[in-house]
Amino acid sequence: TAFERSDNTEPAAVTSLAVAKDHRTLFVGDERGRVFSWVVSNKPGKGFVDHWMRDDMTDSCQDCKVRFTIYERRHHCRNCGRLYCSACSRYQAEIPRLKIHQQVRVCRSCYTQLQVGASSTLSSSSPQPPK
């Protein structure tokens, strides 16, 4: 499949997709006749996330370039999926496009972008004064 999974040592072309009746599980069939499944988490912002950068893709913060160590942990921005140090990912925001309606960890760039999006949504939905 297109996704890298530890249980898929021989990727093959996707031939079918199906969604379970409960809308929580996605099934993917490939040309080898195998079926893989993904389950949507009960807790938004937790669990398997396909847009996150793999931990082994970088050894330093995408913003300030500090190296990750046993003391300086790496953190994923829940919006863009890139890896940041704790200082560069200290911002909290909701992510409507991912249906995350609680404050979760985001990077500074995504925080700014999400705040601009939130304020434009608020201003467009608020009543306009009569002309």
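This is a predicted model: local features need pLDDT of at least 70, side-chain atom pairs count only at pLDDT 80 or more; totals for chains, interfaces and linings use all residues.
User: Which strands form the open sheet, and in what order?

Analyst: Two strands pair if DSSP finds at least two bridges between them. In this structure 3 strands make an open sheet in the order β1-β2-β3, with antiparallel pairing. The edges are β1 (14–19) and β3 (35–39); each has a single partner strand, so one side of each has no neighbour in the sheet. On average, neighbouring strands of this sheet are turned by 20° against each other, direction ignored; for such angles, axes are lines fitted to C-alpha atoms (for helices, over the stretch in contact), and the angles run from 0 to 180 degrees between N-to-C directions. Between β1 and β2 (residues 25–30) there are 5 bridges in the antiparallel sense. Their hairpin has 5 residues between the strands, and histidine 23 takes a positive phi near 60° there.

User: How many residues of β1 are buried?

Analyst: The rule is simple: buried means under 20% relative accessible area, exposed over 50%, and partly exposed in between, with a 1.4 Å probe and protein chains only. Of the 6 residues of β1, the number buried is 0, so the strand lies largely in the open. One example is leucine 17, which lies in strand β1 and is exposed at 62% relative accessible area. For the whole protein of 131 residues, 27% count as buried.

User: Which residues make the nonpolar surface patch?

Analyst: Patches are made of residues with over 30% relative accessible area and no salt bridge; like charges are joined within 9 Å, nonpolar side chains (Val, Leu, Ile, Met, Phe, Trp, Tyr) within 5 Å. Areas come from the Shrake-Rupley method with a 1.4 Å probe, and for residues only the protein chains shown count as cover. Here Val14, Leu17, Val19 and Leu26 make a patch of about 360 Å², and β1 gives the most to this patch, with 3 residues. The accessible surface of the protein is about 9,400 Å², 54% of it belonging to carbon and sulfur atoms.

User: How many salt bridges does a search of the whole structure find?

Analyst: A salt bridge is a side-chain nitrogen of Lys or Arg within 4 Å of a carboxyl oxygen of Asp or Glu. The search finds 4. Among them, aspartate 30 and arginine 34 have their closest N and O atoms 2.7 Å apart; aspartate 30 is buried at 3%, whereas arginine 34 is partly exposed at 24%. Another joins arginine 67 to aspartate 59, with closest N and O atoms 2.9 Å apart. Arginine 67 is exposed at 52%, while aspartate 59 is partly exposed at 37%.

User: Is asparagine 79 buried or exposed, and which residues does it contact?

Analyst: Asparagine 79 is in the loop between β4 (75–76) and β5 (83–84), and its relative accessibility is 5%, so it counts as buried. Contact means heavy atoms within 4.5 Å. Apart from neighbours within four places in sequence, the residues in contact with asparagine 79 include His51, Arg97, Cys110 and Leu114.

User: And how far apart are methionine 53 and cysteine 77 in space?

Analyst: They are 9.4 Å apart, C-alpha to C-alpha, and 24 residues apart in sequence. Methionine 53 is in the loop between β3 and β4 and is partly exposed at 24% relative accessible area. Leaving out residues up to four places away in sequence, methionine 53 touches Thr58, Gln62, His76, Gly81, Arg82 and Leu83.

Notes. Residues are numbered from 1 along each chain as its sequence is written. Side-chain values use heavy atoms; hydrogens and water are left out. Helices (H or I, at least four residues) and strands (E, at least two) are DSSP runs, numbered from the N terminus.
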